Amino acid sequence: MDFTAAPEPTPTEEPSTRRLRVTPASQVKVRRQRWVWAQRIILGGLTLLAGREGLGKSTIACWLVAQVTRGTLDGEFHGTPRNVIYLHTEDARDTTIVPRLKAAGADTDRVLFIDMVTPTEHGDVESQVVFPSSVAEVAELAIERDVALIVLDAATSVIDSRLDGDKDRQMRQGLEAIARGIGERAGCGVLGLVHFGKRDSGDTGKLILGSIAWSQVARSVLAVARDEDDGTVVLSATKANLAPGDTASLRIRLVNASVDTDDGEVTSVGCAEIIGETDVDARELLAAAPADPEERTELDEARAWLEEYLTVEGKTLSKAVKAAARAADIAERTLHRARKSLGVVSAGEGYPRQSYWSLPGGRVMDSTSGASGATDAVRAPRLGTTGTTGPDLRVCEPPPGTTDPVVPTPVHGTTDGTTAPADSHGESA
């Protein structure tokens, strides 16, 4: 397929056989927007799952695939299990992807891996599926197999190398072919996993490595960022202009799961556990400072409040700090920005492990003189109690109907997730 632009016709050339086709708006059938995952993964278009390397994007994608194959995802196919095409270029099927799918409870009969096979005089030659040259074949397969979702892991690896990844026009050619030629034609969702750069910014479109065309062509962008306070991951819809209203962010815990292999041994892989909704936004965790002046004022006030609170209280349970902040009408996302701005130290201590916050250097106000000094003492919080560990000790239970044993355990034996989740095969996405 030739990706170069066609030459402009000269005045001496014969008239083109092309013609304009006019369609009155009155003849266009109006349809509602449909979603593979309600307000997050669009049906009939391209959605991006974006985040920095090593955050568990592939593990989260396997969780999503499992929900689609069981019909449990909130969206168009809830209650109706559907097939998924999984295109991968980085992780191995046998040691990583399929074990992750089993850990997530997927119906593996409904997960389809595809390769391009080219007959030669010496036999069939397998190669990677690339776009846009393979758009037609993949779209036909998606229609034939009743596919609801196609996962591109990683999305940049399935784009033809002849398209310059830094040139917007060329990348648009490849991405629009995927969005329209597969998503619209086959009536399925396409989820592409992409990487963020390392710089701080709340603009997730600019954080995606490569051309800005990625975020422009995608109809929805899901950003993931780590909350360093508890080691969980926050997933936020940072571009959802086709979704009605605001879509709640989700907090996700990544745990280890043990899966039996066909050779009689056990392998350990990552498993995503959805904890629930949160008012923390992934953009807040990705940004160094807010751009909006009003937000900056709120941050200044929160920073001053947090510094005073920790100066007086000393090392304090993070849950107690958050409770006091709520009482002071400080949003949790603003509190996290203030914590990052002040360089507040977050450390897990004790058993069960709990998170404590303290100012750098352990600064605390002396209760007798009012002077600020350094101390290692832990002051009792004025608000809240340590309580029980609650959801910190929860693990993923095997989904109904699965036969493969799934035994997730908290990472490295901790209960607060302060250590990054370990995956014996690594998390390349």
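Which residue in E13 is the bridge partner of Asp260? In E13 that partner is Val266. The account below places this pair in the predicted model.

## Basis

This is a predicted model, in which local features need pLDDT of at least 70 and side-chain atom pairs count only at pLDDT 80 or more, while totals for chains, interfaces and linings use all residues. Residues are numbered from 1 along each chain as its sequence is written, and side-chain values use heavy atoms, with hydrogens and water left out.

## The chain as a whole

The protein chain holds ten helices and 18 strands. Helices (H or I, at least four residues) and strands (E, at least two) are DSSP runs, numbered from the N terminus. Of the 429 residues in the protein chain, 47% are buried. Buried means under 20% relative accessible area, exposed means over 50%, and partly exposed lies in between (1.4 Å probe, protein chains only). The protein chain exposes about 21600 Å², and carbon and sulfur atoms supply 48% of that area. Accessible areas come from the Shrake-Rupley method with a 1.4 Å probe; for residues, only the protein chains shown count as cover. Among contacts (heavy atoms within 4.5 Å) between residues at least 6 apart in sequence, 68% join residues at least 24 apart.

## The sheet

An open sheet is formed by nine strands in the order E5-E4-E8-E9-E3-E10-E11-E12-E13, with mixed pairing. Two strands pair if DSSP finds at least two bridges between them. The edges are strand E5 (111-112) and strand E13 (266-278), each of which pairs on one side only. Helix H2 (residues 93-103) packs on the sheet and touches E4, E5, strand E12 (249-260) and E13. The direction of H2 makes about 45° with that of E13. For such angles, axes are lines fitted to C-alpha atoms, for helices over the stretch in contact, and the values run from 0 to 180 degrees between N-to-C directions.

Strand E4 (residues 83-88) and strand E8 (residues 147-153) are parallel and share six bridges; Tyr86 has Val151 as its bridge partner in E8. Helix H4 (residues 168-186) lies across strand E3 (46-51), E8 and strand E9 (189-195), and runs at about 155° to E9.

E12 and E13 pair in the antiparallel sense over twelve bridges. Their hairpin has five residues between the strands, and Gly264 there takes a positive phi near 85°. E12 also pairs with strand E11 (residues 233-239), in the antiparallel sense over three bridges, and Leu235 has Leu250 as its bridge partner in E12. Ten of the twelve residues of E12 are buried, so this strand is largely enclosed by the rest of the structure.

## Nonpolar cores

A nonpolar core is a set of buried Ala, Val, Leu, Ile, Met, Phe, Trp, Tyr and Cys residues joined through side-chain atoms within 4.5 Å. The largest has 45 residues, of which Phe131, Ile150, Leu152, Ile182 and Trp214 touch the most other members. H4 gives the most to this core, with seven residues. Beyond its neighbours within four places in sequence, Leu152 is in contact with residues including Leu87, Phe131, Ile178 and Val190. Another core, of 37 residues, lies apart from the largest one and has Ile41, Ala66, Leu250 and Leu254 among its members.

## Salt bridges

A salt bridge is a side-chain nitrogen of Lys or Arg within 4 Å of a carboxyl oxygen of Asp or Glu. By this rule the count comes to 21. Some of them are listed here.

| Salt bridge | Closest N and O atoms |
|---|---|
| Arg82 and Asp146 | 2.8 Å |
| Asp91 and Arg100 | 3.3 Å |
| Glu284 and Arg337 | 2.5 Å |

Arg82 lies in the loop between helix H1 (57-70) and E4, and Asp146 in the loop between helix H3 (135-144) and E8, so the pair ties together parts that are 64 residues apart in sequence. Arg82 counts as buried at 13% relative accessibility, whereas Asp146 is partly exposed at 41%. Asp91 and Arg100 are both buried.

Glu284 in helix H7 (residues 282-286) and Arg337 in helix H10 (residues 332-342) are 53 residues apart, and both are buried. Eight of the eleven residues of H10 are buried, among them Glu332, His336, Arg337 and Arg339. Just after H10, Gly343 takes a positive phi of about 70°. Salt bridges that share partners also join Asp227, Asp229, Asp230, Arg251, Lys322, Glu332 and Arg339 into one network.
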